[in-house]
Every structure is written in structure tokens, then in C-alpha cells.
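Subject: Structure for you to look through

Dear colleague,

I am passing on the structure that we spoke about, and below it you will find my notes on what turned up in it. Please keep the model open while you read.

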Amino acid sequence: MSGRAPVMRDVAEVVEPELLSRSVSYRIRLLQIASYKIFEQRVEGFGSAPRYFGMLKLIEANPGIPQTRLAEAIFLDRSSLVPILEGLTREGWVERKSTPQDKRVRRVFLTETGQERLGQLEQLVAEHEATITEGLSDAEREQLISSLERVGENLRSVSAGPK
């Protein structure tokens with residue numbers, strides 16, 4: 001034998017190192033991947049919108065939100081947000097408008113069609129939420145959301161950089 005570890009052939013053999021099993025960021029990322037994969041399998045006919053449901057709901061709640069502020073709210077660089085908005089514009093979900101005061105500022109709005117379709121998508125999201133939180137009491141669900149919000153606050157303070 002050459003001293004190499006044998007090649008794994010069975011998924012049941014996978015050992016998760018303690019560093020990963022105790023890592024909040026690793027757990028969040030794994031769950032995000034799994035949740036999105038399952039959601040994507042359920043949802044058809046909405047283009048790329050399911051991937052950006054949260055962002056679309058932020059636009060709905062903040063009509064005319066500046067692109068820069070939207071990017072900050074969802075932890076994206078403005079340069080990463082622009083191609084996403086361009087795609088959603090082509091698909092008819094959003095429109096971007098310059099402001100008369102400053103032509104460099106682009107504000108984002110849902111289109112009328114985008115608003116209607118977002119309502120349809122929202123029902124599928126509610127069903128997905130029910131699936132992934134099955135077995136959690138209302139108190140457990142609220143505690144989970146509260147804990148994740150605290151993690152989000154920590155990340156937001158780090159991403160803001162030194163003051």
C-alpha cells in the first residue's frame with residue numbers, strides 16, 4: 001500500500017470534522033444550498049426571480065430604493081447587483097429610473113407585472129417555509145430568527161468596516 005487513504009465509495013463513510021460541525025457559518029451555508037435546491041425544484045415559470053425573492057420583497061417594501069442602498073441591504077457590491085437587476089428588468093420584474101436631481105442615482109421599482117407575479121411567488125415561498133420549519137414550535141422558530149438576526153447584525157458591522 002502506498003500510504004494513501006483509501007478512496008471513499010460510500011456516502012455513509014463521510015466524517016464531518018468538529019470544526020465544521022460546530023461552525024455557524026458552515027451550517028448556514030449548507031442549509032442555504034439545500035433550501036434553495038429544494039425550492040428551485042418546486043418553482044417553475046418565474047425565471048430568475050425565485051433566487052432573488054428577498055431582494056424583490058425589499059424593492060416592494062421600498063419603492064424607488066436607490067441601487068446603492070439595495071446593494072448594501074443584501075450584502076452585495078453595487079457592481080454585482082447591476083447584472084442581477086438587468087436580468088430582472090429583461091424578465092419584466094423591475095424597472096430602474098434615474099432621478100431628476102442626480103442622473104447617476106438609479107432607483108429600483110417593481111413593475112406592475114412584477115408585483116402581480118411576486119404575489120404568486122409569495123405563496124410558494126410560504127409553502128416552502130412551512131416545509132423547512134416543520135416540527136419547530138412558534139417559539140423555536142422565533143428564537144431561530146432572532147439568533148440569525150443577531151448573526152446578521154454582527155456581519156453587517158464587520159462589512160461596514162472601521163468607523
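Strand 1 and strand 3 run antiparallel and are joined by two bridges, where strands are runs of at least two residues in DSSP state E and helices are runs of at least four residues in state H or I, both numbered from the N terminus, and where two strands count as paired if DSSP finds at least two bridges between them. Within this pairing, Ile 65 stands opposite Val 108 of strand 3. Please bear in mind that this is a predicted model, in which local features need pLDDT of at least 70 and side-chain atom pairs count only at pLDDT 80 or more, while totals for chains, interfaces and linings use all residues. Residues are numbered from 1 along each chain as its sequence is written, and side-chain values use heavy atoms, with hydrogens and water left out.

Strand 2 pairs with strand 3 (residues 106–110) in the antiparallel sense over five bridges, and Glu 95 has Phe 109 in strand 3 as its bridge partner.

If residues up to four places away in sequence are not counted, Gln 67 touches Arg 78, Leu 81, Val 82, Leu 85, Arg 96, Arg 106 and Val 108, a contact being heavy atoms within 4.5 Å.

In the loop between helix 4 and helix 5 you will find Phe 75, which is partly exposed at 41% relative accessibility. Phe 75 has a positive phi of about 60 degrees, although it is not a glycine. Most residues other than glycine have a negative phi. Asp 77 lies in the loop between helix 4 and helix 5 as well, and it is exposed, with a relative accessible area of 54%. The C-alpha atoms of Asp 77 and Gly 87 are separated by 16 Å, and these residues are 10 residues apart along the chain.

Ile 84 has its place in helix 5 and is buried, with a relative accessible area of 15%. Leaving aside neighbours within four places in sequence, Ile 84 is in contact with Tyr 52, Met 55 and Leu 76.

The largest pocket and helix 2

Which helix gives the most to the lining of the largest pocket? Helix 2 does, with 10 residues. The volume of this pocket is about 1900 Å³. Of the 38 residues that line it, Ile 28, Gln 32, Ser 35, Glu 129 and Leu 148 are the closest to its centre. The elements that give two or more residues to the lining are helix 2, helix 3 (53–61), helix 6 (112–132) and helix 7 (138–160). On a 1 Å grid over the protein atoms alone, a pocket is an open set of points where a 1.4 Å probe fits, with protein on both sides within 12 Å along at least five of seven lines, and lining residues have an atom within 4 Å of a point; the volume is the space filled by probe spheres set on the points, which are joined across faces, edges and corners.

Ser 23 lies in the loop between helix 1 (18–21) and helix 2 (24–42), and it is buried, with a relative accessible area of 16%. The side chain of Ser 23 makes a polar contact of 3.3 Å with the side chain of Ser 25, where a polar contact is a pair of N or O atoms within 3.5 Å, of which, within protein, one must be able to donate a hydrogen and the other to accept it, and residues adjacent in sequence count only if both atoms are side-chain atoms.

With best wishes

Definitions and conventions
Buried < 20%, exposed > 50% of the residue type's maximum accessible area, 1.4 Å probe, protein only.
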